[in-house]
Amino acid sequence: MIEFHGTFELNNTEQILKAHGLDEHGSIQKSIDNEVLKRCSKYLPFETGALMDMGVMGTIIGSGDVAWLGVKPRYLYHGKVMVGSAPKKVTNKDLTYNGAPLRGSHWFERMKEAEGQEIVKGVQNLVDKGG
């Protein structure tokens, strides 16, 4: 039996990742960020559409960090009634949402549970096509 031990080094890993859109802020991450925002929109509490705008303003597409700006999104995300003057106190009482049960608290986790695999499949298709 012949044994062979060796190493194989790629000096251009960053170039390969970039060519396929897998680099930081690359086309694949931009696609994921856009899909998360788009798919979360139907789970968001909706009154005026301002909450979706806060997500668009709070997200740098391609950063991998989708965020909703402000105090109101955090309050709505956790879904508990708050009382008193600032700083308000959280109660154990749940908020009620127009469009519930689809629209409501913890929208990201609920979207990820319901539609996360579709995002993964879409990303795989993009990667398979070269980014």
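Rings of Phe, Tyr and Trp pair here if their centres lie within 6.5 Å, with the six-membered ring standing for Trp. By this rule the count comes to two aromatic pairs in this predicted model.

**Stop 1: an aromatic pair**

Select Trp-68 and Trp-107. Their rings sit 5.6 Å apart, centre to centre, with 75° between the planes. Planes over 60 degrees apart count as edge-to-face, and this pair is edge-to-face. Now colour by sequence position. Trp-68 lies in the loop between H3 and H4, while Trp-107 belongs to helix H5. The two are 39 residues apart, so the pair links distant parts of the chain.

**Stop 2: H4 against H5**

Which residues make the contact? From H4, pick Pro-73, Leu-76 and Tyr-77. From H5, pick Trp-107, Phe-108 and Glu-109. By class, five residues in this contact are nonpolar, one is charged and none is polar.

**Stop 3: the largest pocket**

Which of them gives the most? H3 does, with four residues. Colour the lining by class: ten residues are nonpolar, five are polar and three are charged.

**Stop 4: two cis peptide bonds**

Move to Ala-86 and Pro-87. A cis peptide bond joins them, with omega at about -10°. Pro-87 is in the loop between strand E1, residues 80–83, and strand E2, residues 89–94.

Then follow the chain beyond E2. Where is Pro-101? Pro-101 sits in the loop between E2 and H5. The peptide bond from Ala-100 to Pro-101 is also cis, with omega near 10°.

**Stop 5: a positive phi**

Finish at His-25. This residue is not a glycine, yet its phi is positive, about 65°. To place His-25, show helix H1, residues 13–19, and helix H2, residues 27–40: His-25 is in the loop between them.

Key. Residues are numbered from 1 along each chain as its sequence is written. This is a predicted model: local features need pLDDT of at least 70, side-chain atom pairs count only at pLDDT 80 or more; totals for chains, interfaces and linings use all residues. Side-chain values use heavy atoms; hydrogens and water are left out. Contact means heavy atoms within 4.5 Å. Ala, Val, Leu, Ile, Met, Phe, Trp, Tyr, Cys and Pro count as nonpolar, Asp, Glu, Lys and Arg as charged, and the others, Gly among them, as polar. Rings of Phe, Tyr and Trp (its six-membered ring) pair if their centres lie within 6.5 Å; planes under 30 degrees apart count as stacked, over 60 as edge-to-face and the rest as tilted.
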